[in-house]
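This report goes through one protein chain, part by part. Keep the sequence and the 3D view open while reading.

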Amino acid sequence: LETAFLLGSNAVAEFGRTQFQALVDEKLVHRDILSVILKIGAAVHPQAGDWLKARAGDVSLPEGERARALEALGNQYQDEALSDALKMNMEKIPSSLRHHMLGAASLNPSAFDWMWDWYVKNLTQMESEIPLSYVQAITVRLAPLSGIGRRQEVENFLQAFIARHPTVADSIAMAL
């Protein structure tokens, strides 16, 4: 389903929207497709952002449900909605859960043109609040995608990153 959606299937987009609406209406969606429905819904359902933010911030929910909501928020296609969700993620979500949205946003094709700038601006906070292994994974995903057209800038920046964190050198070299 996710691949078909990413490749532009209108039928899958509509299926995802209606299944997401079922969640909003407090109906069940089969757990085998729940994660992908959340991701598709984040991209196509008009109430997705608010609904997912409420789920992500609900401390009474199990951590796994909050994580799925955060991953879905990282799949929003509207720049302003994704930017607002990233801000909420960095300000209101426990640092132990932040990597879920960051990982998804780093692979979000609608954000490739601006996500690198967001990453550079927020890297110091990520380095101080998120385990290095997660920051490394986000960097490795983001650099080859958001770095297109700015290779030298990305390489220079990541050389400084490696100088601070020598253990990530091999992963960064693969990403570059």
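Is threonine 139 buried or exposed? Threonine 139 is buried, at 0% relative accessibility; buried means under 20% relative accessible area, exposed over 50%, and partly exposed in between, with a 1.4 Å probe and protein chains only.

## The model and its confidence

This is a predicted model, in which local features need pLDDT of at least 70 and side-chain atom pairs count only at pLDDT 80 or more, while totals for chains, interfaces and linings use all residues. Residues are numbered from 1 along each chain as its sequence is written, and side-chain values use heavy atoms, with hydrogens and water left out.

The mean pLDDT of the chain is 95, where pLDDT is the predictor's confidence in each residue, from 0 to 100. A value of 70 or more is reached by 100% of the residues. Confidence in the chain is highest in α2, at 97, and lowest in helix α11 (residues 169–175), at a mean of 90. Helices here are DSSP runs (H or I, at least four residues), as strands are (E, at least two), numbered from the N terminus.

## Threonine 139 and its surroundings

Threonine 139 belongs to helix α9 (residues 132–146). Its side chain reaches the backbone oxygen of valine 135 at 2.7 Å. Leaving aside neighbours within four places in sequence, threonine 139 is in contact (heavy atoms within 4.5 Å) with Tyr119, Pro144, Leu158, Phe161 and Ile172.

## The nonpolar core

A nonpolar core is a set of buried Ala, Val, Leu, Ile, Met, Phe, Trp, Tyr and Cys residues joined through side-chain atoms within 4.5 Å. The largest one in this model has 51 residues, and Leu52, Leu86, Tyr119 and Met126 have the most contacts inside it. Leucine 52 touches Phe20, Leu38, Ala42, Ala69, Ala72 and Leu73, if residues up to four places away in sequence are not counted.

Leucine 23 lies in helix α2 and is buried, with a relative accessible area of 13%. Apart from its neighbours within four places in sequence, leucine 23 is in contact with Val29, Leu34, Ile37, Leu38 and Trp51.

Which residues of helix α4 (residues 48–57) are buried? They are Ala48, Gly49, Leu52 and Ala56. Seen down the axis of α4, these residues fall within an arc of 90 degrees, so they line one face of the helix; the arc is that of the directions from the helix axis to the C-beta atoms. The buried residues of α4 pack against α2, α3 and α5 (63–73). On the face turned away from the buried side are the exposed residues Asp50 and Ala54. An α-helix has 3.6 residues a turn, so residues three or four places apart point the same way.

Helix α10 (residues 151–164) has 14 residues and reaches 20 Å from its first C-alpha to its last. That is close to the 20 Å expected at 1.5 Å a residue, the expected span being 1.5 Å times one less than the number of residues. In α10, Val154, Glu155, Leu158, Phe161 and Ile162 are buried. They cover an arc of only 120 degrees around the axis, which puts them on the same side of α10. The buried residues of α10 pack against α8 (112–129), α9 and α11.

## Other positions

Glutamate 26 sits in the loop between α2 (10–24) and α3 (34–44). Although glutamate 26 is not a glycine, it has a positive phi of about 65 degrees. Glutamate 26 counts as exposed, at 74% relative accessibility.

Lysine 92, in helix α6 (residues 79–92), is exposed too, with a relative accessible area of 65%. Asparagine 122 lies in helix α8 and counts as buried, at 13% relative accessibility. From C-alpha to C-alpha, asparagine 122 and proline 144 are 18 Å apart in space and 22 residues apart in sequence.

Key. A polar contact is a pair of N or O atoms within 3.5 Å; within protein, one must be able to donate a hydrogen and the other to accept it, and residues adjacent in sequence count only if both atoms are side-chain atoms.
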